[in-house]
Amino acid sequence: MRSRNSLLYVGLVATVLLSAAPLYFMLVMASRTNDEIVSLPPPLSLGAELFPNLDRVFDNPDVLFGQALVNSLLVASVATVCVVVTSSLAGFAFAKLKFKGRNALLLFVIGTMMVPVQLGLIPLYMLMTKLGLNGGLESVTLPFVVAGFGVFMMRQFAQQAIPDEMIEAARMDGASTFRIFFSIVFPALRPAAAVLGLLTFMERWNDFLWPYLTLDSDHPTVQVALSRLSSGYYADQSLIMAGTFIGTLPLVVVFIVFGRQIIGGIMEGGLKA
Amino acid sequence: MRIRDRLTKAEARVAPYAFVSPFFVVFAIFGLFPLVYTLWVSLHDWSLLAGDQGFVGLANYRELMKDSDFWRALTNTIGIFVLATVPQLILATVLAQVLNTRLRARTFWRMGVLLPNVTSVAAVGIIFGLIFARDYGIVNWALGEIGVGPVDWQGHRWSSWLAISIMVDWRWTGYNALILLASLQSVPKELYEAARIDGASAWRQFWSITVPMLRPTIIFVSIVATIGGIQLFTEPLLFGSGVNAIAGGSTGQFQTVAMYLVQQAFTGQRFGYASTVAWVLFLLIAFFAVINVALLRRIKSVD
């Protein structure tokens, strides 16, 4: 029994090491010069060049990396706030309000989670051109201010977190539905809203295909800037890795601080679906 | 008083629709409309710059069926998808089982397996591109140490498929393990106890209790993996860095259908043809999702 248990731990340690190794590698290469990176055997420990490499990333005139960080923060934050608000509103309505067509509409919401809407990217591009938004940050924000997953998640949470009596009592006192939402429901939804916010922020920060297609060179997000760094004519490995490190760091920090909540959110989401 | 009552009543009737409408309005404009309109565009000769050049019926579809570049991209996509998904689901199920035992520092292990998923897909492509580099990559160095000659990972079909599959699995195995773990935790412990009393081995318990109980979740996870896998784009794009990365290697050996779509739309400026690719991809995802469910339904469930 004891030996089987230690075997489990050995397996887990190996898994976690494999999970972390590529990221460690990124840091090693980000902290080395290009000459060191192409030496054999390859360096396996941290070097001294991290900060000079980071300086080079931010000084690179073709990529606007500092701007890209700000842009990503902006885009991801706006989308996150919007998704949390719109999902809370809709989730509450689906969980606690009675209205005609409720079940059919909810089924539709669940269906949207299974439909690969990314495949509509060509008409989306045409639409953004028509609206005059192609190239700018609005084009990567607007389509993502709502999320079917968010609506569903908030609905599941609202169902068990908000007692019907509470809403009835407020109605007796003459409160409107909007009033009930803002003063009773939204505060009660906060734990789920926080998790949804974290998941949404991470998803938006990491988004690639659509931003890569639509954004112009004056408005990069971090992921787009990374792809531009790495597609240069000559490969400056330590520069690319330093950029990748900076682009990854914010989410790793968020993950370390809120890991428990993020894991909870993912496990809940999978269970309910 | 009566007017106020009536107003409150009216508000209560309208409010639910007002609450759900932001989602439906935005989704209709930026999600549903583009997807449906793709079908319309695919029936036209439509250029990126010149716009609609006229209705052509199914001509784009006929051309696509004879397009060997498309078939090569399709083979690559399905090859990578199978190569990535099968081991990934098996590993994730085993990992979920391990994480479900009584462990010290539970949250630490869970965070450890989820860490790769926090990394952006773009970063994954770039990092693994260097790890699998031909001349100074660490994988080739390690292979050299055990006497295997350097592999040109980007150069061949099989090796690029393998490298890309490893990227996908690195990012998603832990995530799927956590979803499977959530569903494992709802399996009654008595089932395992009864099996143990009957003398069932751990392996036997895994196949006769764990896998059948997880069936709905395995179906869910594999459908999500199918939707993502058939649209694979970023990993192969950044794996083959350089200015013509969208071509997926010197002879398109790892160009996926999604890459071909983007290449046709933006390099070739053929919006109509690219929409045809998108619509075929959509049908393909639906087809594979159905196959998936049909196959996984054959796992016998525990009654």
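Modeller: Chain B is divided into domain 1 (2-59) and domain 2 (62-296). The bounds come from an automatic or database domain assignment. This is a predicted model: local features need pLDDT of at least 70, side-chain atom pairs count only at pLDDT 80 or more, and totals for chains, interfaces and linings use all residues. Residues are numbered from 1 along each chain as its sequence is written, and chains are lettered from A in the order in which they are written.

Colleague: What makes residues of domain 1 of chain B and domain 2 of chain B count as in contact?

Modeller: Two residues are in contact if their C-beta atoms, placed from the backbone, lie within 7 Å. By that rule, 12 residues of domain 1 of chain B are in contact with 12 residues of domain 2 of chain B. The C-alpha centres of these domains lie 33 Å apart.

Colleague: Why is α4(A) called oblique to α8(A)?

Modeller: The axes of helix α4 (residues 65-96) of chain A and helix α8 (residues 148-161) of chain A cross at roughly 50°. Axes are lines fitted to C-alpha atoms, for helices over the stretch in contact, and angles run from 0 to 180 degrees between N-to-C directions. Under 35 degrees is roughly parallel, over 145 roughly antiparallel, 65 to 115 roughly perpendicular, and the rest oblique. Therefore α4(A) is oblique to α8(A). Helices here are DSSP runs (H or I, at least four residues), numbered from the N terminus.

Colleague: Which residues of α4(A) and α8(A) meet?

Modeller: Among them are V83(A) and F92(A) in α4(A), and M153(A) and R155(A) in α8(A).

Conventions. Helices (H or I, at least four residues) and strands (E, at least two) are DSSP runs, numbered from the N terminus.
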